[in-house]
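My notebook is open, and I am setting down what I looked up, entry by entry. Have the model beside you as you read.

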Amino acid sequence: MAMKFDPFRELDRVAGALLENRPGLRLMPMDLYRDGDHYILNADLPGIDPGSVDIDVDGQLLTIRAERTVRGAEGVKWLTREREGGSFLRQLNLGQGIDIDAISARYENGVLSVSIPVSEKAKPRKIEVVTGAAETVAVDSAEASDDQKSVEA
């Protein structure tokens with residue numbers, strides 16, 4: 001099988017390998033959005049063994065780690081090898097108002113989905129306005145005018 005040589009693609013690959021500022025750590029693209037009372041984090045981790053995925057919460061810091069091992073048969077002659085192995089790491093500060101005990105995760109079709117629920121204390125709620133104080137003010141002012149009448153008499 002012959003591979004077509006593209007000098008720009010090869011230059012981009014070499015430059016990326018040379019300019020990588022964190023050797024050993026790989027990119028973990030992710031999306032984060034809020035859906036009702038949950039934040040949903042979806043991270044692309046194709047080719048990852050689900051057993052290598054490790055998710056920790058330490059205080060308000062969520063850490064996702066994963067490892068990809070590239071398997072290759074011994075004695076083969078590689079024509080091209082663009083799928084790199086290595087470690088993946090992503091850390092997020094959760095902030096206040098998160099129910100860290102109820103965080104859950106699922107790995108399916110190369111996508112890690114983490115559900116991060118909002119705590120009950122942080123959910124929006126309606127505050128009832130009590131009108132009892134307004135009635136008390138009205139009674140007090142009525143009593144004051146009765147007092148004024150007796151002083152005038």
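I began with exposure: a residue is buried under 20% relative accessible area, exposed over 50%, and partly exposed in between, with a 1.4 Å probe and protein chains only. This is a predicted model, where local features need pLDDT of at least 70, side-chain atom pairs count only at pLDDT 80 or more, and totals for chains, interfaces and linings use all residues. Residues are numbered from 1 along each chain as its sequence is written, and side-chain values use heavy atoms, with hydrogens and water left out.

**Entry: salt bridges**

I took a salt bridge to be a side-chain nitrogen of Lys or Arg within 4 Å of a carboxyl oxygen of Asp or Glu. How many salt bridges does this rule give? I found 3 salt bridges.

I looked up Arg65 next. Its side chain meets that of Asp54 in a salt bridge at 3.6 Å, N to O. Arg65 lies in strand 5 (residues 61-68) and Asp54 in strand 4 (residues 54-58), so the pair ties together parts that are 11 residues apart in sequence. For naming, helices (H or I, at least four residues) and strands (E, at least two) are DSSP runs, numbered from the N terminus. Arg65 also forms a salt bridge with Asp56, with the closest N and O atoms 2.9 Å apart.

Arg65 is partly exposed at 36%, Asp54 is partly exposed at 34%, and Asp56 is partly exposed at 31%.

Then I turned to Glu108 and Arg106, whose salt bridge has its closest N and O atoms 3.3 Å apart. Glu108 is partly exposed at 45% relative accessibility, while Arg106 is exposed at 51%. Shared partners join Asp54, Asp56 and Arg65 into one network of salt bridges.

**Entry: the sheet**

I count two strands as paired if DSSP finds at least two bridges between them. In which order do the strands of the open sheet run? I read 2-3-8-7 for its 4 strands, with antiparallel pairing. Strand 2 and strand 7 (104-108) are the edge strands, each pairing on one side only. The twist averages 15 degrees from one strand to the next; axes are lines fitted to C-alpha atoms, for helices over the stretch in contact, and angles run from 0 to 180 degrees between N-to-C directions.

I then followed strand 2 (residues 30-35) into strand 3 (residues 38-44): they run antiparallel, joined by 6 bridges. The two form a hairpin with 2 residues between them, and Gly36 in the turn has a positive phi of about 65 degrees. Arg34 stands opposite Tyr39 in strand 3.

**Entry: the core**

I defined a nonpolar core as a set of buried Ala, Val, Leu, Ile, Met, Phe, Trp, Tyr and Cys residues joined through side-chain atoms within 4.5 Å. Which residues touch the most other members of the largest nonpolar core? Among its 16 residues, they are Leu45 and Leu112. Strand 3, strand 5, strand 6 (86-93) and strand 8 each give two or more residues to this core.

**Entry: Ser119**

Finally I looked up Ser119, in the loop between strand 8 (111-117) and helix 2 (132-152). Ser119 counts as buried at 13% relative accessibility. Leaving out residues up to four places away in sequence, Ser119 touches Gly97, Ile98 and Asp99, where contact means heavy atoms within 4.5 Å.
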